[in-house]
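Biologist: Could you walk me through this one while I have it open? I'd like to start with the loops and then move on.

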Amino acid sequence: MTDLQRVAVIGGGVMGNGIAQLSAMKGHDVRLVDVSQERLDSALASIGTSLDRFVKSGKLDAGDRADVLDRLRTTTSVADAVSDVDLVVEAVLERLDVKQAVLAEVVAHAPVAAVLGTNTSQLSITAIASALGDEAHRVVGMHFFNPAVLMRLVELVVGLETSPETLARAEAYAASLGKETVVCRKDSPGFLTSRFSAILRMEALHMLEEGLATPEDIDKAVKLAFNHPMGPLELGDFNGLDTYLDALTGLHAAHGERFRPPVELKNMVAAGRLGRKSGRGFYDHS
Ligand code: NAD
């Protein structure tokens, strides 16, 4: 692992703190960056709670917990975090201009050999990398899944300029985290996984619209017949129906009719039924 020992994670939210935690658990020296000390403290608190769960379940020695935290440094300075790193994972909010600005700052301060992974859910890797001119070959999509410490897959996405060496090093980093990888060899909206999940959720919505079954039975059918841990409607509520509608709208624009957002979903979002975060979605969460 010597080649990829030092890792910076930019953005310490839901995904970034999980990626930073897992990297430290697997022996990397990690620098976690966010915009304020408050955000970093909150990321560290989440990491602490998660590590406690690992210790409680016997998957982590209590002594190793301290070593994991020792390997994890936090800072609000991108320049400071990336000055000597081998790889960066960007996990800031899902906006092209923000991701481009963050990676431009990274490139200005990181060693020229550092790989630049972006944990976008659906933005174009090529568009993100386009802000970096000649350095675009160092950018690769590294799509983790929530919770990043537990989910088995990292979906790697090759942009138009991504070099084979960048892809190979991203694969090596994912392997060092104990992840399986799949490679989406063309930069295409929704990559592989977001297209699958969108289709499954859309069919669930059409079934609801057709009055075929209750939300509970639609979710139960998927969970028990296909061994999914959550049903598509439960997952929609968990991630937010507004986020889901945004994703479908993007896929519809890119791939056409098969991703047209169902009217029922548009109505629910318009009514403020966004799932868990608003207290009501397909299910009542109040
Ligand atoms: P989040 O809102 O929980 O976290 C984003 C963090 O980035 C925040 O803490 C914010 O303060 C920080 N940030 C914003 N601008 C920054 C900057 N300029 N420099 C440093 N930090 C900055 O979001 P999230 O759910 O962790 O998502 C992050 C990325 O991962 C997004 O691109 C998202 O699409 C993608 N993603 C999310 C999921 C998921 O299930 N949540 C899954 C896969 C991929």
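Modeller: Let us begin with Pro147, which lies in the loop between strand E6 (139–143) and strand E7 (153–157); helices (H or I, at least four residues) and strands (E, at least two) are DSSP runs, numbered from the N terminus. Residues are numbered from 1 along each chain as its sequence is written. This is a predicted model, in which local features need pLDDT of at least 70 and side-chain atom pairs count only at pLDDT 80 or more, while totals for chains, interfaces and linings use all residues.

Biologist: What kind of peptide bond joins Asn146 and Pro147?

Modeller: The bond is cis, with omega at about 0 degrees.

Biologist: Is Phe191 buried or exposed?

Modeller: Phe191 counts as buried because it has 22 C-beta neighbours inside 10 Å; a residue is buried if 20 or more other C-beta atoms lie within 10 Å of its own, exposed if 12 or fewer, and partly exposed in between, with C-beta atoms placed from the backbone. Asn227, in the loop between H9 and H10, also has a positive phi, near 65 degrees, but Asn227 is exposed, with 7 other C-beta atoms within 10 Å.

Biologist: Switching to the sheet, what is the strand order?

Modeller: Eight strands make an open sheet in the order E3-E2-E1-E4-E5-E6-E7-E8, with mixed pairing. Strand E3 (72–75) and strand E8 (180–184) are at the edges with a single partner strand each, so one side of each has no neighbour in the sheet. From one strand to the next the twist averages 25 degrees; axes are lines fitted to C-alpha atoms, for helices over the stretch in contact, and angles run from 0 to 180 degrees between N-to-C directions.

Biologist: How many bridges join E2 to E3?

Modeller: Four bridges join strand E2 (residues 29–33) to E3, and the two run parallel, with Val30 having Leu72 as its bridge partner in E3; two strands pair if DSSP finds at least two bridges between them. Strands E4 (residues 87–90) and E5 (residues 115–118) likewise pair in the parallel sense over four bridges, and there Val88 stands opposite Leu116 in E5.

Biologist: Now the helices: how many residues of H10 are buried?

Modeller: Seven of the eight residues of helix H10 (residues 232–239) are buried, among them Pro232, Leu235 and Asn239. The cover over them includes helix H8 (193–209), helix H9 (215–226) and H11. After H10 comes Gly240, with a positive phi near 105 degrees.

Biologist: How do H11 and H12 cross?

Modeller: The axes of helix H11 (residues 241–255) and helix H12 (residues 263–270) come within 9 Å and cross at roughly 135 degrees. The two helices are therefore oblique to each other, given that angles under 35 degrees count as roughly parallel, over 145 as roughly antiparallel, 65 to 115 as roughly perpendicular and the rest as oblique.

Biologist: Which residues make that contact?

Modeller: Leu241, Asp242 and Leu245 of H11 meet Leu265, Lys266, Met268 and Val269 of H12, where contact requires C-beta atoms, placed from the backbone, to lie within 7 Å.

Technical notes
Contact = placed C-beta atoms within 7 Å.
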